[in-house]
Amino acid sequence: IKRVMASLVLKKSTQSVLIRKLCSQTDKNQTKEAIWAYDSIIRSNYLLRYLDDEKLRQSVRTALNRNEAYHSLKRTIAEINSEGISGSDDDDLVINDECTRLLSLFVIFYNAYLLSEAAKIKEKCGSK
């Protein structure tokens, strides 16, 4: 495990390359088994913390809801523009998806900006 961590820290290899090499081996590999066992320990610790800590559960739910709202917005934008956006190959589909993503981020930014300005106005009125 130390060698794996060292190669990741020194950026001699990427996570995807290491995992691909470990998963491609058919025979038993001690390094692979050690990493999987270490992952199980980390996952178990997280689950115990999750079960015990109400604040952590709320944070996770909030993050999941935010992520779901983003995907819902992105899906809505894609449906609205479904007639105008069609791709003939994979590159066009990727470009269309990225454009939808960009539009979604614009909407999120604009809403955040409006809320920020409203909060400033409220703060200014409340302080007088």
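The legends below go with a set of close-up views of this predicted model.

**View 1. The largest pocket and the helices around it.** Let us start with the open space in this structure: the largest pocket holds about 280 Å³. A total of 13 residues line this pocket, and those nearest its centre are Val4, Met5, Leu8, Ile19 and Ile35. Three helices, H1 (2-9), H2 (15-24) and H3 (30-52), each bring at least two residues to the lining. Helix H3 gives the largest share, with five residues. Sorted by class, the lining of the largest pocket counts eleven nonpolar residues, one polar residue and one charged residue.

View 2. Ile42 belongs to helix H3. The relative accessibility of Ile42 is 42%, so Ile42 counts as partly exposed.

**View 3. Lys2 and Thr31, apart in sequence.** This view pairs two residues that sit 29 positions from each other in sequence, Lys2 and Thr31, with 9.7 Å between their C-alpha atoms. Lys2 is part of helix H1. Because its relative accessibility is 76%, Lys2 counts as exposed.

**View 4. A salt bridge within helix H3.** A search of the whole structure turns up eight salt bridges, and here is one to zoom in on. The side chains of Arg43 and Asp39 meet with an N to O distance of 2.5 Å. Both residues are in helix H3, where Arg43 and Asp39 are four residues apart, or about one turn of the helix. Are these partners buried or exposed, or something in between? Arg43 has 46% relative accessibility and therefore counts as partly exposed. Asp39 is partly exposed too, with a relative accessible area of 35%.

**View 5. The pair Glu68 and Arg75.** Next comes a salt bridge between Glu68 and Arg75, whose closest N and O atoms are 3.8 Å apart. Salt bridges are counted within 4 Å, so the 3.8 Å between Glu68 and Arg75 falls inside that cut-off. Glu68 is partly exposed, at 47% relative accessibility. Arg75 is likewise partly exposed, at 42%.

View 6. Lys120 and Glu117 are three residues apart in helix H5 (residues 90-127), so about one helical turn separates them. Glu117 counts as partly exposed because its relative accessibility is 28%, a value that lies between the limits of 20% for buried and 50% for exposed.

**View 7. A network of charged side chains.** Which residues are linked in a network of salt bridges? They are Glu54, Arg57 and Arg61.

**View 8. The backbone at Lys11.** One last stop is the loop between H1 and H2, where Lys11 lies. Lys11 is not a glycine, although its phi is positive, at about 60°. With a relative accessible area of 72%, Lys11 is exposed; the cut-off for that label is over 50%.

Technical notes:
Residues are numbered from 1 along each chain as its sequence is written. This is a predicted model: local features need pLDDT of at least 70, side-chain atom pairs count only at pLDDT 80 or more; totals for chains, interfaces and linings use all residues. Side-chain values use heavy atoms; hydrogens and water are left out. On a 1 Å grid over the protein atoms alone, a cavity is a set of points where a 1.4 Å probe fits but cannot get out, and a pocket is an open set with protein on both sides within 12 Å along at least five of seven lines; lining residues have an atom within 4 Å of a point. Grid points are joined across faces, edges and corners, and a volume is the space filled by probe spheres set on the points. Ala, Val, Leu, Ile, Met, Phe, Trp, Tyr, Cys and Pro count as nonpolar, Asp, Glu, Lys and Arg as charged, and the others, Gly among them, as polar. Buried means under 20% relative accessible area, exposed over 50%, partly exposed in between (1.4 Å probe, protein chains only).
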